[in-house]
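Open the model in your viewer and keep the sequence panel beside it. This tour goes from stop to stop, with something to select at each one.

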Amino acid sequence: MQNSNFSRVVGFVSTAMLCLALLAPVGASAQNKSPAGPNAAASGWMISRLDGDVRVRKPAAVTQVSLTQHDLLPAETEIETGATGTVILTDNHDLIAVKPNTKIILPRTQGQGFMARIRQLFGLAYYAVEKRRSGGFQVETIYLIVAVKGTGFTVSVDANGAAVS
């Protein structure tokens, strides 16, 4: 059982890395075409792949909204996947692959020289972070904080704790 789970995670991560390589140039051109509004450019995160049960709550929104592939997300958007949901988010430099039963909140600010701070409340997510000279990338959970300047890693959070691999 553990070996099949590992194989699924490796397959998902491989797919996520391929999406990052293929879709990074698309993100830059799609930013100018999205109707997401003025806050979208501040965050720069785009939905590259969306499957199954994925719920999104934009900042100051009372209800959840439905999204499609290539939609841009404003800063502080909450993304929660259900039992069948997966979503791959990209910006011009990084990738987040969100697995089923996971909730993350996008950073307030992102850009050159800023620290991108993703909040992961529960679940499993893979992060592929491009190496950078200034700023950094951080994932915060209630149990730990991971800060990197560029690498790939997975964060898992549940009621018993959190782990990084």
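In which strand is lysine 103 found? Select strand β7, residues 103–105: lysine 103 is there. Strands here are DSSP runs (E, at least two residues), numbered from the N terminus.

Before moving on, note the ground rules. This is a predicted model, where local features need pLDDT of at least 70 and side-chain atom pairs count only at pLDDT 80 or more, while totals for chains, interfaces and linings use all residues. Residues are numbered from 1 along each chain as its sequence is written, and side-chain values use heavy atoms, with hydrogens and water left out.

**Stop 1: lysine 103**

Stay on lysine 103. Is it buried or exposed? Lysine 103 counts as buried, at 17% relative accessibility. The cut-offs are under 20% relative accessible area for buried, over 50% for exposed, and partly exposed in between (1.4 Å probe, protein chains only).

Now show its contacts, meaning heavy atoms within 4.5 Å. Not counting residues up to four places away in sequence, lysine 103 touches Glu78, Ile79, Glu80, Arg119, Gln120, Leu121 and Phe122.

Pick glutamate 78 from that list. Its side chain meets that of lysine 103 in a salt bridge (3.4 Å, N to O). Glutamate 78 lies in strand β4 (residues 78–81) and lysine 103 in β7, so the pair ties together parts that are 25 residues apart in sequence. Glutamate 78 is partly exposed, with a relative accessible area of 25%.

**Stop 2: the other salt bridges**

Side chains of opposite charge can pair when their charged atoms come close. The term salt bridge here needs a side-chain nitrogen of Lys or Arg within 4 Å of a carboxyl oxygen of Asp or Glu. How many salt bridges does the structure hold? It holds 6.

Select aspartate 53 and arginine 55. Their side chains form a salt bridge at 2.6 Å, N to O. Aspartate 53 is partly exposed at 31% relative accessibility, and arginine 55 is partly exposed at 24%.

Next, select arginine 117 and glutamate 140. Their side chains meet in a salt bridge of 3.9 Å, N to O. Arginine 117 sits in strand β8 (residues 115–129) and glutamate 140 in strand β9 (residues 136–140), so this pair ties together parts 23 residues apart in sequence. Arginine 117 is partly exposed at 42%, and glutamate 140 is partly exposed at 23%.

**Stop 3: isoleucine 145**

Go to strand β10, residues 145–148, and select isoleucine 145. Isoleucine 145 is exposed, with a relative accessible area of 55%. Leaving aside neighbours within four places in sequence, its contacts are Gln138, Val139 and Glu140. Draw a C-alpha to C-alpha distance to arginine 119: 9.2 Å in space, across 26 residues in sequence.

**Stop 4: strand β5**

Select residues 86–90. In β5, 5 of the 5 residues are buried, so the strand is largely enclosed by the rest of the structure. Thr86, Ile88 and Thr90 point one way, and Val87 and Leu89 point the other way.

Which strands pair with β5? Two strands pair if DSSP finds at least two bridges between them. Strand β1 (residues 45–51) runs antiparallel to β5, joined by 5 bridges. There, leucine 50 stands opposite valine 87. Strand β6 (residues 95–98) is also antiparallel to β5, with 4 bridges. Here leucine 89 stands opposite isoleucine 96. End on the hairpin that β5 and β6 form, with 4 residues between them.
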